[in-house]
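Subject: Handing over a structure

Dear colleague,

I am passing this structure on to you, together with some notes on what was found in it. Please look through it first and then read on.

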Amino acid sequence: MVIVMEQGVDEVKVRAVIDAVEQQGLTAFVNPGVERKVIAVLGMVDSQKPNLESTFETLEGVERVTRISEPYKLSSRNYRHEDTVVDVRGVKIGGPEVVVIGGPCSVESREQLLACARAVKAAGGKLLRGGAFKPRTSPYSFQGLGGDALEILAEAREETGLPIVTEILDPDDLELVGRYADVFQVGARNMSNFRLLQRLGKTDKPVLLKRGPSAKLRDMLQAAEYVMVGGNHQVMLCERGIICFDDATRNTTDINAIPVLKQWSHLPVILDPSHAVGYTRWVPAIARAGVAAGADGLIVEVHPSPTEALSDGGQSLRPEQFAKLMHEVGRVARAVDRYVGERE
């Protein structure tokens with residue numbers, strides 16, 4: 001349930017409500033809100049105490065108590081009505097700017113990654129993506145450079161100022177990856193790796209959570225809940241295409257997911273057009289559609305020489321293609337009262 005406090009209520013009354021919640025063996029999460037504070041109450045309710053709503057409604061400073069029917073609580077609009085804005089080294093994701101994240105699927109070399117970083121920066125991208133550890137369908141495919149890649153990413157950040165988004169595969173790698181990453185990316189294959197999600201909930205860095213290939217939207221929101229219940233509310237949801245009967249593209253882009261998630265949840269929504277279609281020629285069109293549908297950001301694969309890429313070259317944009325895409329999505333963003341890159 002959520003306890004909505006009266007507007008302008010003082011901290012003493014808020015603290016009293018939190019104490020009352022904890023006395024019932026439940027956990028309280030406070031959302032400061034813009035106009036009023038909201039307290040989410042989580043935990044198993046004792047069957048001998050079925051009327052907790054009435055108990056909490058009598059407390060001083062409480063305006064109303066409402067049950068949250070959805071299985072996801074902290075990620076729900078019922079808990080937080082205002083959009084969450086995630087701050088990544090000063091880059092605000094979830095506000096009026098449509099933030100574009102660019103870079104290669106995998107860090108392959110220092111030269112390749114620095115070339116990508118410079119191209120992303122020059123075109124107006126705000127964050128740099130690059131995989132150090134790569135989950136691959138085949139055990140014989142390139143698995144990433146590991147720790148060496150993280151050091152190269154850090155060098156690119158030092159030169160360009162672009163914060164780093166990189167994938168975390170294993171809870172045991174959290175300390176290592178956390179020393180370099182600004183955003184932990186949870187790949188589609190790990191959306192239901194609940195041990196990893198729980199560990200990420202104990203960190204203080206933003207998490208980019210990708211939707212599983214066959215996951216429902218409610219499944220993704222409950223995966224986000226695993227992170228948030230641990231205390232980390234800096235979660236971004238990423239639509240990256242789902243498995244469908246049609247094989248014309250790598251996946252099927254669920255454009256519907258963007259407005260639905262924006263209504264169901266307060267968390268920022270990112271679209272990955274590269275993985276969604278799997279072919280360079282269609283990436284710009286899907287990126288434009290995502291911005292028009294209300295996406296808060298895009299994550300796009302960029303490579304200086306896609307034909308030589310060790311992974312996902314067939315869906316990567318060359319630097320000049322990425323620059324063109326930035327111009328195109330900027331025009332779409334202005335049509336829906338948002339902007340890409342620097343505000344004009």
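This is a predicted model: local features need pLDDT of at least 70, side-chain atom pairs count only at pLDDT 80 or more; totals for chains, interfaces and linings use all residues.

Leaving aside its neighbours within four places in sequence, A156 is in contact with L113, L114, A117, L128 and G161, where contact means heavy atoms within 4.5 Å. A156 is found in helix α4, which covers residues 147–160, and A156 is buried, with a relative accessible area of 0%; buried here means under 20% relative accessible area, exposed means over 50%, and partly exposed lies in between, with a 1.4 Å probe and protein chains only.

Residues are numbered from 1 along each chain as its sequence is written, and side-chain values use heavy atoms, with hydrogens and water left out.

As for the whole chain, there are 11 helices and 14 strands in the protein chain, these being DSSP runs numbered from the N terminus (H or I, at least four residues, for helices; E, at least two, for strands). The protein chain has 344 residues and a radius of gyration of 21 Å, which agrees with the value near 20 Å that a compact globule would have; the radius is taken over C-alpha atoms, and the globule rule is 2.2 Å times the number of residues to the power 0.38. Taken along the principal axes, the C-alpha atoms fill a box of roughly 65 × 45 × 45 Å. Buried residues make up 55% of the 344 residues, and among contacts between residues at least 6 apart in sequence, 70% join residues at least 24 apart.

In α10 (residues 283–293), V283, P284, I286, A287, G290 and V291 are buried. Seen down the axis of α10, these buried residues fall within an arc of 165°, so they line one face of the helix; the arc is that of the directions from the helix axis to the C-beta atoms.

M1, placed in the segment before β1 (2–5), is buried, with a relative accessible area of 9%. Leaving aside neighbours within four places in sequence, M1 has contacts that include I39, L52, F56 and I68, and M1 is 8.6 Å from Y79, C-alpha to C-alpha, although the two are 78 residues apart in sequence. S316 lies in the loop between β14 and α11 and is buried, with a relative accessible area of 2%. Not counting residues up to four places away in sequence, S316 touches T280, E301, H303, P306 and Q321.
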